[in-house]
Amino acid sequence: MSAPVSSIREPLINGGKTYHQITEDICSPTEKTPSTAWVIAFIIAVAGLAFYVFCVAWTVWVGIGSWDLNRTIGWGWDITNFVWWVGIGHAGTLISAILLLFRQKWRTGVNRAAEAMTIFAVMCAGQFPLIHMGRLWLGFFIFPYPNTRGPLWVNFNSPLLWDVFAISTYFTVSLLFWYTGLVPDFATVRDRAKGVRRKIYNFLSFGWTGSAKHWQRWESLSLVLAGLATPLVLSVHTIVSFDFATSVIPGWHTTIFPPYFVAGAIFSGFAMVQTLMLMTRKVLKLEEYITLAHIESMNKVILATGTIVGVAYLTELFIAWYSGYIYEQYAFYNRVLGPYWWSYVGMMSCNVLSPQLFWSRKIRRSIWWTFLMSIFVNIGMWFERFVIIATTLARDYLPSSWSYYTPTWVEIGLFVGTLGLFFTLYLIFSRVAPTVAAAEIKSILKTSGDQYTGPNAEKHSHAEAH
Amino acid sequence: MNQFVLEAKHRTLLLTGVGIGVLCLVLTFLGDDELHTRFWSNYLHNTVFFLGIAFMAVFVQSAFITAWAGWYTSFKRVWEAASTFLVPALILMIPIIAGLWGHFHHLYHWADAESVANDPVLQGKSSFLNTSWYTFGTLIIVGTWIFFGYKLRSLSLQEDKMAQTADFKIHKQVRIWAAAFLPIAGFSSAAVIWQWVMSVDAHWYSTLFAWYTAVSWFVSLMALTILCLIFMKGKGYFESVTDEHMHDLGKYLFAFSIFWTYLWFSQFMLIWYANVGEETVYFQTRMEQYPVLFYGNLLLNFITPFFVLMRNDTKRKYGTLAFVSITVLIGHWWDFFQMIKPGVLHTAHEVMAHGHGAEGGHHAAGFLMGFTIPGLLEIGTFIGFLSGFILYFFSQLAKEPLHPTNDPYIEESLHHHV
């Protein structure tokens, strides 16, 4: 007997599903030929990926000179994109680990796809620190190893190096977490498959039989990984924020950066989850598993984190004035009213003002509004990183070296190209793996299925009584 | 037992505690320096600490209601009652506000006209750091908190008395008030924390400070909640609050102690690493002149809860839970002590030096009881404020039934298991 659930809560699985129907609905997209929509999307995504490869080759062949960086603005779109992608890569592990700790049942509908998204986003992020070196083949210099370079070591005092460790650890744990969750679902797919396909899924599921011992070990491993992942969610963006905040550059050196970056990362991660889930649920017909209740909950998270970010923006502005430190005051004056004022306006309106629409329940539960807002937030969070990086660098301590920066086609191509990489990976994922965690959905059916809770449940129990 | 009754012997004990507090404040005042620095800083320290705990009680309720949390419902009356302490806390702020107008204390450097006249940094801040802002900011913001705390509590009590309807009318109203309070709390708490606490070091600034301080209050509230529940369960109340609820409260205490440490570290490390003189001076002073406060802070608020509460069973045993709760409650009181005392002492030296040449204020103080470490008088004052808080809180709790019969989540809370 499961614990009672208040009737004020909404059901999280609609359509009066049985366990078998859940298996059918979730596994079948991996068994059919892809729809036209999927094929068109895949062609576009692969084209983007191809363009990405071209732009990377161009950058390596021509050199970093093919970008429009100058001696004042040494970080432009590259690091902006890096931070943007890392931020997006926060939602998956937050949903898996932290919402698990808070026992939020709605996480089961979206965790699988969000974790996959996390992994792909971190992969996209990882490209930029490497590409921006210009000489990709020297990328191994970032690893501390006993080397042939004599006493030359990486700089352990640099947050840029801490980033290498933080992101690779985060990537590893997120990947393990995601894959662990997939094992029983792969086994389900295997049980329905034949021939080579069956062999492949058997290999992928490590020969899972579903014995009690398997489940017990699986639960223990999930718990250990959740424990490891929770501090990692905070640490990754904290250390990314250290890249800026440990400096003495006005506008970068501010103590609120670590928690504010984490809040911003969760904010942008959820926006990207919304973008993807709204499309996925439509294309794969998963509306009964990713319900309006899920969408509304995520919109509430977006509203909350957007407002936290808003508090942080205003705190920064206020304390810049309050500090009485003229360089800090000027940095923020420049941010708001300087040559890049448009990016500050973009950031403020997309990140702080527009999410306030989600105070309306109607808008929170509207698919179209949600989709529009999720795109807005994605744009706004990109602007945020651009504001922090380019605006601050454009006006440094020496007015003689002040400059302005606009990207070249190569830099734009690299960004657009990583979108291609991201969607290529996500589209492949949606074909080969169950995009909703079937085993976890089944675990909440008896408490959150609409035949057990909510308005339909009453009819159901009434019918049973007869 | 659904109706809490404060026993006479407990009332006497708490009143004795209040008496000790008053006595200690009087003794502090009599044995103080010419500006009564120790007296006023003790008064500010304890007032702000307990005011913040009451504020957090409103905030936690709002956050939990907005997140549709059900598990805490069976003891939610504890937080409803704790939030009412905002009223006496605001009254306790009045002597501090009056002192700014009447110049009978010197807690804040920016309130000293002579200092401001010779100090361009303080002049630059004077449109925020001034007596009017402090007065009306405090009254309006704490007044707003009182209003929301009252709203949440009265709706919750009203829900009990009315028959539960299928559309959960009252609970839906509660949700609106709770959600509306969250952004208000986010902005307003920062404003008053800057005024009350950060501005005792009037030159110094840190963007993270408001969040750091707020989390300190949050952990203190969790510790007090656990202690209160353990005490009341011992008396036979709150039978429906089980080890499962205590386990979850223990998790909150554990997780937010780590979160506090995360914020502490972020603030400290970034300032230490960048080493900008205007900012570093804050930690420089504390590490060199107040090492007991500085390192003790970490011992009490991080090392103890981290190692004791790491295991599962220590979050379910009353002994270990009570031990950690007492430690971190004292620990966060200690944290506020180290936030407030060095700045106030520095201001006092500056003010006293006005007649003795400009350099007078800058000499480092040697060991000074009540500043370098808390002395017996500080402990007595703490006991006084704590007793006052608990006495008021218990008297509010005794006014209403403990069990929220009609809360839509009550069944979930009664059958809560982790």
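How many residues of chain A are in contact with how many residues of chain B? In this predicted model, 45 residues of chain A are in contact with 52 residues of chain B, where contact means heavy atoms within 4.5 Å.

**Figure 1. The interface between chain A and chain B.** The two chains bury about 4,000 Å² between them, and carbon and sulfur atoms carry 70% of that area. Buried area is the accessible area (1.4 Å probe) that two parts lose on being put together, summed over both. On the side of chain A, the residues that lose the most area to chain B are A:Ile8, A:Thr255 and A:Tyr322, together 19% of what that side buries.

Figure 2. Leaving aside residues up to four places away in sequence, B:Glu244 touches B:Arg316, B:His416, B:His417 and B:Val418.

**Figure 3. The fold of chain A.** Chain A contains 17 helices and 0 strands, assigned as DSSP runs (helices H or I, at least four residues; strands E, at least two) numbered from the N terminus. The radius of gyration is 24 Å, close to the 23 Å that the globule rule gives for 466 residues, so chain A is as compact as a globular protein of that length. That radius is taken over C-alpha atoms, and the rule is 2.2 Å times the number of residues to the power 0.38. Of the 466 residues of chain A, 56% count as buried.

**Figure 4. The fold of chain B.** Chain B has 15 helices and 0 strands. Its radius of gyration of 22 Å agrees with the value near 22 Å for a compact globule of 418 residues. The C-alpha trace of chain B spans about 75 × 45 × 40 Å along the principal axes. Buried residues make up 60% of chain B.

**Notes on the model.** Residues are numbered from 1 along each chain as its sequence is written, chains are lettered from A and ligands numbered from 1 in the order in which they are written, and side-chain values use heavy atoms, with hydrogens and water left out. As the model is predicted, local features need pLDDT of at least 70 and side-chain atom pairs count only at pLDDT 80 or more, whereas totals for chains, interfaces and linings use all residues.

Conventions. Buried < 20%, exposed > 50% of the residue type's maximum accessible area, 1.4 Å probe, protein only.
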